[in-house]
Amino acid sequence: MHEGCEGSLGNGGQIVNKLRQMGFSQTPLPVPAEINCACNSTFTMSTMEGRCDNCGMVYGVTPCHANDPANIEAAGINY
């Protein structure tokens with residue numbers, strides 16, 4: 001997926017898979033992020049993996065890139 005903190009993040013599914021494999025899904029974000037979901041609702045993402053309450057879209061960000069909400073990627077609905 002990526003090589004340390006300098007490499008490519010990959011796509012949202014790859015990010016969420018990596019978070020789950022490494023046990024980081026429930027690690028708190030440095031600062032919670034307001035996510036504008038693909039379904040036009042918003043929710044607060046407070047951990048490395050988050051899910052929209054409205055449509056079930058799953059989002060993820062790696063710990064290395066969690067300081068910038070622009071790095072949060074969608075993985076898919078009910079991923």
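Which residues does Glu-73 touch, not counting residues up to four places away in sequence? Glu-73 touches Gly-12, Ile-15, Val-58, Tyr-59 and Gly-60, where contact means heavy atoms within 4.5 Å. The place of this residue is in strand β5. Glu-73 and Gly-10 are 63 residues apart in sequence, yet their C-alpha atoms are 9.2 Å apart in space.

The model described here is predicted, so local features need pLDDT of at least 70 and side-chain atom pairs count only at pLDDT 80 or more, while totals for chains, interfaces and linings use all residues. Residues are numbered from 1 along each chain as its sequence is written, and side-chain values use heavy atoms, with hydrogens and water left out.

## Overall layout

The protein chain has one helix and five strands. Helices (H or I, at least four residues) and strands (E, at least two) are DSSP runs, numbered from the N terminus. Along the sequence the pattern is α-β-β-β-β-β.

Of the 79 residues in the protein chain, 41% are buried. Buried means under 20% relative accessible area, exposed means over 50%, and partly exposed lies in between (1.4 Å probe, protein chains only). The accessible surface of the chain comes to about 4500 Å², and carbon and sulfur atoms hold 47% of that surface. Accessible areas come from the Shrake-Rupley method with a 1.4 Å probe; for residues, only the protein chains shown count as cover.

Among contacts between residues at least 6 apart in sequence, 34% join residues at least 24 apart.

## Strands and helix

Strands β1 and β2 run antiparallel and are joined by five bridges. Two strands pair if DSSP finds at least two bridges between them. Within this arrangement, Pro-28 stands opposite Thr-47 in β2. The hairpin of β1 and β2 has five residues between the strands.

Strands β3, β4 and β5 form an open sheet in the order β3-β4-β5, with antiparallel pairing. Its edge strands are β3 (49-51) and β5 (73-77), each of which pairs on one side only. Neighbouring strands of this sheet are turned by 25° against each other on average, direction ignored. Axes are lines fitted to C-alpha atoms, for helices over the stretch in contact, and angles run from 0 to 180 degrees between N-to-C directions.

## The nonpolar core

A nonpolar core is a set of buried Ala, Val, Leu, Ile, Met, Phe, Trp, Tyr and Cys residues joined through side-chain atoms within 4.5 Å. The largest one here has 15 residues, and those with the most contacts inside it are Leu-29, Ile-35, Phe-43, Met-45, Tyr-59, Val-61 and Ile-72. At least two residues of this core come from each of α1 (12-22), β1 (28-36), β2 (42-47) and β4 (57-60). Strand β1 gives the most, with three residues.

Leaving aside neighbours within four places in sequence, Ile-35 is in contact with Ser-41, Thr-42, Phe-43, Met-45, Tyr-59 and Ile-72.

The structure also holds one aromatic pair. The ring centres of Phe-43 and Tyr-59 are 5.7 Å apart and the ring planes stand at 50°, so the pair is tilted. Rings of Phe, Tyr and Trp (its six-membered ring) pair if their centres lie within 6.5 Å; planes under 30 degrees apart count as stacked, over 60 as edge-to-face and the rest as tilted. Phe-43 belongs to strand β2 and Tyr-59 to strand β4, so this pair links distant parts of the chain, 16 residues apart.

## Exposure and backbone angles

The table lists relative accessible areas for some residues.

| Residue | Relative accessible area | Class |
|---|---|---|
| Phe-43 | 7% | buried |
| Tyr-59 | 7% | buried |
| Glu-73 | 30% | partly exposed |
| Asp-68 | 39% | partly exposed |
| Asn-78 | 57% | exposed |
| Asn-40 | 74% | exposed |

Asp-68 is found in the loop between β4 and β5.

Most residues other than glycine have a negative phi. Asn-40, in the loop between β1 and β2, has a positive phi near 70°. Asn-78, in the segment after β5, has a positive phi of about 55°.
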